[in-house]
Every structure is written in structure tokens, then in C-alpha cells.
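This report looks at charged side chains, at how they pair, and at where like charges gather. Please keep the sequence and the structure in view while reading.

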Amino acid sequence: MTLAEYNKSVDEHSDGIYRFILKNLKHEDKARDIVQDTYEKLWVKVNEVSAEKVRSYLFTTAYHTMIDLIRKEKKLTVFEAEKHDRPAAPDHYNGLAQIMDEAVTRLPEDQRSVIMLRDYEGYSYEEIAEITGLSESQVKVYIFRARMFLKNYIGSIEAVL
């Protein structure tokens, strides 16, 4: 990969990686740090990564960096169990995007990652399997379960509006 191809990958993919990580972590500074770490790792392996495979390499690296951060933070912090017995729709309308974001944050980590790669970033099942290290069939199962959870959490569109 040449310097021009590296710079082109920054221009083309950094926003998508940032959005993907931000949707998962909900923390802007951590998302920026992961994007920066991802491009630093690419720079170290610039001679090993081809320009055709750079998008897959970047998302895979960002995903694994995010997972490492999440695992590290879980070791440092004890999370309290959250009750989910409240109604899906709030008492006042906050916007469908906000309701969807809240629903997506309630998904388990693996399901949230694959649903975001599929529905937000447009990756194929095969590409998601390559990025996450899961089998293609497991990716399909996680996406199905995530969509079922979201459907049950949100309920009907009339309840949301």
C-alpha cells in the first residue's frame, strides 16, 4: 500500500469506522481513540495490507480493539443489573432514532456489533464473519436474534408514535 492509498483509506473509511464504534460504545473520545489506534495499526502493517482489502482490515481491527477495550473496562468496573420491565416507549415522544438507539444499546455485545455491521454499515454475512471471527451461520443467528429483540422491544410503530 502506498502513502496515497493509505491517505485515501483515511478519507474513505474513518467516518464509517467512527460511526460503528460510537454506536457500540456511546462515548465519543473512546471512539476517536479506537479509530486512531486502528489507523496506527494499519500504518505499522502498511506494506502487508493491500489497498483492495483495507476496508475489511480496518473494520476488523477496529472491532477487535473495541472488544479489547470493553473487556478491559469490564474487569475494572462492576456493572449493576438493569431492570427491563418498563414500557418500551417513553411517556413523551423522543424521536424514532433515539428510541432505536436505546433499543440497540440493550442488545448483547455480539448481537449489537453484527446488527450494526449488517444494517448500519451494509456488510455481507461473509464479511461480518471475517471481521468478527464468527462463523457465517452464527452471524445469521445473532442478526436474527437481534432483530427479534428489537421488534419485541419497540413493539408496534403505533406504540412508539
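Aspartate 119 is partly exposed, because its relative accessible area is 41%, where buried means under 20% relative accessible area, exposed over 50%, and partly exposed in between (1.4 Å probe, protein chains only). This is a predicted model, in which local features need pLDDT of at least 70 and side-chain atom pairs count only at pLDDT 80 or more, while totals for chains, interfaces and linings use all residues. Residues are numbered from 1 along each chain as its sequence is written, and side-chain values use heavy atoms, with hydrogens and water left out.

The side chain of aspartate 119 meets that of arginine 147 in a salt bridge, at 2.6 Å from N to O; a salt bridge here is a side-chain nitrogen of Lys or Arg within 4 Å of a carboxyl oxygen of Asp or Glu. This pair links distant parts of the chain, since arginine 147 lies in helix 7 (residues 136-154) and aspartate 119 in helix 5, 28 residues apart. Helices are DSSP runs (H or I, at least four residues), numbered from the N terminus. Side chains of opposite charge can pair when their charged atoms come close.

| Pair | Distance, N to O |
|---|---|
| Arginine 32 and glutamate 28 | 3.5 Å |
| Arginine 19 and glutamate 121 | 3.9 Å |

What does the pair of arginine 19 and glutamate 121 tie together? Arginine 19 lies in helix 1 (residues 3-25) and glutamate 121 in the loop between helix 5 (109-120) and helix 6, so the pair ties together parts that are 102 residues apart in sequence. Arginine 19 is partly exposed at 46% relative accessibility, whereas glutamate 121 is buried at 14%.

Arginine 32 and glutamate 28, by contrast, both lie in helix 2 (residues 28-44), four residues apart, which is about one turn of the helix. Glu28 and Arg32 also belong, with Asp29, to a network of salt bridges.

On the surface, Glu126, Glu127, Glu130 and Glu136 gather in a patch of negative charge; such patches are made of residues with over 30% relative accessible area and no salt bridge, like charges being joined within 9 Å. Helix 6 (residues 125-132) gives the largest share of this negative patch, three residues. Glutamate 126 lies in helix 6, and glutamate 126 counts as exposed because its relative accessibility is 56%.

Methods. Patches are made of residues with over 30% relative accessible area and no salt bridge: like charges are joined within 9 Å, nonpolar side chains (Val, Leu, Ile, Met, Phe, Trp, Tyr) within 5 Å. Accessible areas come from the Shrake-Rupley method with a 1.4 Å probe; for residues, only the protein chains shown count as cover. Lys and Arg count as positive and Asp and Glu as negative; His and the chain ends are not counted. The place of a charge is taken as NZ of Lys, CZ of Arg, CG of Asp or CD of Glu. Helices (H or I, at least four residues) and strands (E, at least two) are DSSP runs, numbered from the N terminus.
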